[in-house]
Amino acid sequence: EYHHAMQGRYRPTANTANLSEAEAKNFSVLGAPNRTFAMDLVHGVEYHHWKGRIMRPIDDFAARSAARVERAIRQSRTTSIVVVTVEAAALLVLVAITLAYYGKFAADAETHHLLSAVLPGRVVKEISIARFKSVRLAADSRLRSQLLSPTESMLVIPPQASTPQARVTELRLPGLPRPDDAACHPESIVGPAVGFPVLFAEHLPVAWVAFIDVQGFTSMCVSTPSHQVISILNELFSLLDLAALQNGIEKIKTIGDAFMAAK
């Protein structure tokens with residue numbers, strides 16, 4: 001209608017009763033161009049009023065859409081932060097568990113190596129690392145409590161000894177049985193009740209123990225280079241290990257130039 005007003009074409013306003021609907025809407029009336037009317041059509045108060053009524057739902061929809069998108073962005077950001085925090089915490093827990101596991105594995109390997117160095121292989125196979133640790137803790141606790149107890153004495157002198165030959169000073173730890181006590185018999189050793197907890201014990205009705213020593217070892221060390229002494233001991237102990245294995249003898253340990261075995 002703005003363009004038609006600028007060109008001087010208008011809708012009919014008189015005798016519209018005899019016109020059809022299409023003819024009434026047709027710009028069939030010619031006249032002079034009216035720029036003021038045309039400007040009122042696109043910039044007048046009525047135009048903006050109707051335009052506002054038309055655009056208000058669109059503006060409301062756009063505002064609601066923007067608010068919904070902003071809420072979704074905030075929720076997504078919060079969810080991302082929570083997920084990242086949970087993943088980081090899980091990763092830290094996993095790293096801590098891994099470090100603890102490898103630390104325990106290294107400690108258990110060191111304990112097993114220590115047991116293998118001081119105990120026969122047969123005994124090491126029957127002792128669990130957990131059992132060894134529990135016995136060690138119990139022994140430490142027992143020793144600490146006995147050492148801190150003022151009623152116990154580390155040196156016990158039997159009062160019934162009357163002669164110098166019979167006066168024997170017995171050095172023993174508090175709480176351990178005396179050699180003549182019934183608790184010293186193998187069948188009565190049951191664990192912590194008789195003193196320190198027992199890591200491994202077995203009763204052998206008959207046993208054979210051998211101590212093999214190099215005669216003149218001290219004087220030999222004076223005149224023999226150290227690397228040659230180590231080589232001699234290594235060869236000697238290797239032969240003894242082989243002989244013990246062939247004869248079913250159990251090697252207990254080596255002490256300097258001494259070799260201890262049992263059967």
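Hi everyone. UniProt, in an unreviewed entry, lists residues 81-102 as "transmembrane region"; its positions follow the numbering used here, feature names are shortened, and annotations may be inferred rather than shown by experiment. This is a predicted model, where local features need pLDDT of at least 70, side-chain atom pairs count only at pLDDT 80 or more, and totals for chains, interfaces and linings use all residues. Residues are numbered from 1 along each chain as its sequence is written, and side-chain values use heavy atoms, with hydrogens and water left out.

Back to that span: residues 81-102 are 100% helix and 0% strand, with their end C-alpha atoms 31 Å apart. Overall, the protein has eight helices and seven strands. Those are DSSP runs numbered from the N terminus: helices are H or I, at least four residues, and strands are E, at least two. Of the 263 residues, 16% are buried; that is under 20% relative accessible area, with exposed over 50% and partly exposed in between, using a 1.4 Å probe and protein chains only.

Now, Asp-108. Asp-108 sits in helix α4, residues 45-118, and counts as buried because its relative accessibility is 15%. What joins the side chains of Asp-108 and Lys-133? A polar contact of 2.8 Å does. By polar contact I mean a pair of N or O atoms within 3.5 Å; within protein, one must be able to donate a hydrogen and the other to accept it, and residues adjacent in sequence count only if both atoms are side-chain atoms.

Next, Asp-257, in the loop between β6 (250-255) and β7 (258-262). Asp-257 is buried yet has no salt bridge, meaning a side-chain nitrogen of Lys or Arg within 4 Å of a carboxyl oxygen of Asp or Glu. The nearest side chain of opposite charge, Lys-253, is 13 Å away; Lys and Arg count as positive, Asp and Glu as negative, and His and the chain ends are not counted. A polar atom of the Asp-257 side chain does lie 3.4 Å from the backbone nitrogen of Val-214.

Finally, the largest nonpolar core has seven residues: Phe-217, Val-229, Leu-233, Phe-237, Leu-240, Phe-259 and Ala-261. Such a core is a set of buried Ala, Val, Leu, Ile, Met, Phe, Trp, Tyr and Cys residues joined through side-chain atoms within 4.5 Å. Its largest share, four residues, comes from α8. Leaving aside neighbours within four places in sequence, Asp-257 is in contact (heavy atoms within 4.5 Å) with residues including Phe-217, Leu-233 and Phe-237. Thanks, everyone!
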